[in-house]
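Read the sequence alongside the coordinates while following the account below.

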Amino acid sequence: MGLDSDFRCLEVGELLELPVFIGSQTDRDFLRKVVSKTPKFDILIDDGGHKADQQRITFEEMFSHVKDDGLYVVEDLETSYNPNYDGGLNVPGTFIEHVKKLADLMHGNQYDSVTEAEWEIGRRIFGIHLHPGVVVIEKCPPRSKSLSIATGDTLLLRDMERWVSMDARILPDGGVNPGVVYDD
């Protein structure tokens, strides 16, 4: 599936037999229409506009349409630092600053000032990986606000098996004994 503002992309979509939607990344109604007409995405790659509002609005409207255990990728992240794109180091409103806020929200169960709306986003982020010019956000099923790695959480333990093995045991009361963590 493709999304672009250039009508010439319709021809590419026809050649590849892929649906292409033509519209603007800053048009929330258009993005909601796309969401209503497409299945959830395994991977969403935002390689569209380079301005922060385009990247942020697309994230706000499309992240919920990525499957649990899916990836949300934004390219051209370096424009957050470029004055030609209203960017610069530590400039409020840039997408890199939005990503920093997402990292805070991912840890929203560790502080009291997170709102329920913010936690709804943060509890669905398993990881944020920054690379030169690219950010990869791993989505997960909703985590509990009482999650603590010290006390264990079956969802987190299951997801962490991508990188580590756990000798976890479900206790009679439904809790989890995290067991031993070791690198493979």
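Does Asp76 count as buried or exposed? At 17% relative accessibility, Asp76 counts as buried, where buried means under 20% relative accessible area, exposed means over 50%, and partly exposed lies in between (1.4 Å probe, protein chains only). The model is a predicted one, in which local features need pLDDT of at least 70 and side-chain atom pairs count only at pLDDT 80 or more, while totals for chains, interfaces and linings use all residues. Residues are numbered from 1 along each chain as its sequence is written, and side-chain values use heavy atoms, with hydrogens and water left out.

Asp76 lies in the loop between strand 4 (66-74) and helix 4 (95-106). Helices (H or I, at least four residues) and strands (E, at least two) are DSSP runs, numbered from the N terminus. The phi of Asp76 is near 60°, a positive value in a residue other than glycine. Glu17 also is not a glycine and has a positive phi, of about 55°. Glu17 sits in the loop between helix 1 (9-16) and strand 2 (20-22), and is exposed, with a relative accessible area of 73%.

The chain as a whole comes next. Its secondary structure comes to six helices and 10 strands. Of the 184 residues in the chain, 39% are buried. The chain exposes about 10,600 Å², of which carbon and sulfur atoms supply 54%; accessible areas come from the Shrake-Rupley method with a 1.4 Å probe, and for residues only the protein chains shown count as cover. Among contacts in the chain with a separation of 6 or more, 49% join residues 24 or more positions apart, a contact being heavy atoms within 4.5 Å.

Strand pairing can be followed from strand 3 (41-46) onward. Two strands pair if DSSP finds at least two bridges between them. Strand 3 and strand 4 pair in the parallel sense over five bridges, and Ile45 stands opposite Val73 in strand 4. Between these strands the chain crosses through helix 3, and this β-α-β crossover is right-handed: with the strands pointing away from the viewer, the path from the first strand over the helix to the second runs clockwise.

Strand 4 is also joined to strand 6, by four bridges, and these two strands run antiparallel. Here Val74 has Val135 of strand 6 as its bridge partner. Strand 6 is joined to strand 5 (residues 125-131) as well, by six bridges and again in the antiparallel sense; the bridge partner of Ile125 in strand 6 is Lys139. Strand 5 and strand 6 form a hairpin with two residues between the strands, and Gly133 takes a positive phi near 80° in this hairpin. How many of the six residues of strand 6 (residues 134-139) are buried? Five of them are, and the strand is mostly covered.

In soluble globular proteins, nonpolar side chains tend to be buried together. A nonpolar core is a set of buried Ala, Val, Leu, Ile, Met, Phe, Trp, Tyr and Cys residues joined through side-chain atoms within 4.5 Å. The largest such core has 25 residues, and those with the most contacts inside it are Phe59, Met62, Tyr72, Phe95, Val135 and Ile137. Helix 2 (28-37), strand 3, helix 3 (52-62), strand 4, helix 4 and strand 6 each supply at least two residues of this core. Helix 4 gives the largest share, six residues.

Leaving aside neighbours within four places in sequence, Phe95 is in contact with Ala52, Gln55, Arg56, Phe59, Val74, Leu77, Ser80 and Val135. His98 is placed in helix 4 and is buried, with a relative accessible area of 16%. Not counting residues up to four places away in sequence, His98 touches Arg56 and Phe59.

Arg8 is exposed, with a relative accessible area of 61%. The C-alpha atoms of Arg8 and Ile22, 14 residues apart along the chain, are separated by 9.5 Å.

The cysteines remain. Cys9 is partly exposed, at a relative accessible area of 21%, whereas Cys140 is buried, at 1% relative accessibility. A search of the whole structure finds zero disulfides, a disulfide being a pair of cysteine sulfur atoms within 2.5 Å.
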